[in-house]
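Good morning, everyone, and thank you for letting me take a few minutes of the meeting. Please have a look at the structure on the screen, and I will then walk you through it.

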Amino acid sequence: MRGRGGMRGGMRPMRPFGGPPGPFRPFIPHIPFDLVQCENAFPRAKPAPEEKAFTDALLKRHTDLTPTSAEQASILALVTKVQGILDNLVIAPQGFEAATLEEVRQVGSFKKGTMMAGHNKADIVVMFKTLPTKEAVTALGQKVTEELKSQEPQEDAVPPRKRTAQNTPKTVLTMLPNESGFEITSGEATVQCLITTIPPNLKKLDPELHLDGKLMNGRLAAIRHARWFEENGQHSSVKVLIRLLRDLKNRFDGLSPLTPWIIDLLAHFAVVNNPTRQPLPINQAFKRAVQMLAAGFFLPGSVGITDPCEQGTIRVHTVMTLEQQDQVCFTAQTLLRVLSHGGYKQILGMEGNASIASEMSVWDSVVVTPSDKAYEKPPEKKEGGDEEMEEDMEPETAS
């Protein structure tokens with residue numbers, strides 16, 4: 001949204017290079033409607049309905065999405081071992097000359113306490129002080145694997161041909177390099193070691209020798225995100241809402257453009273950012289998150305959420321394309337109408353399927369029609385299109 005009218009505050013008009021002077025039009029982001037922020041201006045005509053069944057359904061779904069105690073114990077054991085080995089290489093790197101490590105940090109959903117059931121994977125960022133060559137990353141993965149095997153020698157004690165049900169090792173340790181670093185898997189648990197380097201090294205990278213600079217820059221951002229969440233996102237309602245929103249994203253294609261960081265910030269905003277500064281109950285926070293998405297909270301021109309981990313005014317939803325922003329909005333509008341007519345079990349995935357976001361449905365004689373997209377991607381201009389048209393017309397003219 002752009003402001004209308006002339007200049008404000010005595011500012012002189014900005015003139016484009018070589019063009020006539022024009023009016024200065026500052027960018028003024030709009031604030032989407034949020035009932036929680038202006039509830040005093042819209043008093044209820046009748047008391048709020050009892051939502052115990054809805055709250056119980058939210059908590060039941062969250063329990064289903066939470067990893068079991070056995071899954072959490074297995075991933076915690078592997079993370080503790082890998083973290084200890086990497087920390088020792090930072091403090092005392094004797095015996096490992098392929099690279100010099102600067103710092104080791106846990107990031108991602110395991111660190112934040114929002115890991116999903118069936119996704120038994122933890123992320124650790126390993127910051128190199130030296131330039132991260134592909135050979136050095138592979139050597140680090142092999143070093144960590146050797147140290148893990150030395151801590152549990154029984155894994156290699158039995159030859160493969162002589163293994164039986166009694167002496168077969170319980171877990172098999174594997175290391176797999178990838179474009180981001182390497183993964184170490186033991187049983188059902190996986191630790192993903194994400195490689196980055198100190199910021200001054202990012203300008204010295206050679207694509208032929210080193211890991212991708214954009215990926216490593218993203219790992220530095222992941223460290224900032226983990227620190228911010230550790231300080232601001234520890235309320236239980238925030239973590240519950242994060243799991244529920246991630247589940248919505250996984251089941252409804254229209255919400256797939258939402259990144260984990262956007263979901264973290266949206267959940268924190270929906271729970272904490274209100275006039276009373278008191279965390280909202282999970283049923284109110286869930287509704288509010290869907291309402292804000294439906295109201296255009298992540299549309300072009302919206303004030304949205306400013307990234308707290310980046311310098312300047314960077315709104316987190318700008319990482320999505322215009323088409324994706326519109327897709328998130330009209331999908332949330334459809335889900336909100338279904339939710340308003342009591343279809344929370346279908347939205348939570350306890351009944352039905354994801355077709356309620358794309359097909360017409362009926363709720364107590366009320367027909368809910370999916371919202372249509374408002375953004376039309378402009379057609380791409382073909383280079384030399386006019387010349388090709390003229391050439392195609394020449395034969396007809398000649399005849």
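Predicted model: local features only at pLDDT ≥ 70, side-chain atom pairs only at ≥ 80, totals over all residues.

Residues are numbered from 1 along each chain as its sequence is written, and side-chain values use heavy atoms, with hydrogens and water left out.

The protein has eleven helices and seven strands, where helices (H or I, at least four residues) and strands (E, at least two) are DSSP runs numbered from the N terminus. Of its 399 residues, 41% count as buried; buried means under 20% relative accessible area, exposed means over 50%, and partly exposed is in between, with a 1.4 Å probe and protein chains only. If we take the contacts (heavy atoms within 4.5 Å) between residues at least 6 apart in sequence, 67% of them join residues at least 24 apart.

Now to the helix pairs. Two packed helices are described by the angle between their axes and the distance between the axes. The axes are lines fitted to C-alpha atoms, for helices over the stretch in contact, and the angles run from 0 to 180 degrees between N-to-C directions.

How do α6 and α7 pack? Helix α6, residues 236-251, packs against helix α7, residues 260-272, at an angle of about 130 degrees, and their axes are 9 Å apart. The two are therefore oblique to each other, given that angles under 35 degrees count as roughly parallel, over 145 as roughly antiparallel, 65 to 115 as roughly perpendicular and the rest as oblique. Among the residues that meet here are Leu-241, Ile-242 and Leu-245 in α6, and Ile-263, Leu-266 and Ala-267 in α7. By class, this contact of α6 with α7 has eleven nonpolar, two polar and three charged residues, where Ala, Val, Leu, Ile, Met, Phe, Trp, Tyr, Cys and Pro count as nonpolar, Asp, Glu, Lys and Arg as charged, and the others, Gly among them, as polar.

The second pair is helix α2, residues 69-91, with helix α4, residues 134-151, which pack at an angle of about 120 degrees with their axes 10 Å apart. Here too the helices are therefore oblique to each other. On the α2 side, the residues in contact include Val-82, Ile-85 and Leu-86, and on the α4 side they include Leu-140, Val-144 and Leu-148. That contact divides into eight nonpolar, one polar and three charged residues.

Finally, some single residues. Val-36, which is found in the segment before α1, is 252 residues from Arg-288 in sequence, yet 7.6 Å from Arg-288 in space, C-alpha to C-alpha. Leaving aside neighbours within four places in sequence, Val-36 is in contact with Asn-274, Pro-275, Leu-280 and Arg-288.

Asp-364 lies in the loop between β6 and β7, with a phi near 55 degrees, a positive value in a residue other than glycine. Is Asp-364 buried or exposed? Asp-364 is exposed, because its relative accessible area is 72%. Ser-365 lies in the loop between β6 and β7, and its phi is near 70 degrees, a positive value in a residue other than glycine; at 73% relative accessibility, Ser-365 counts as exposed.
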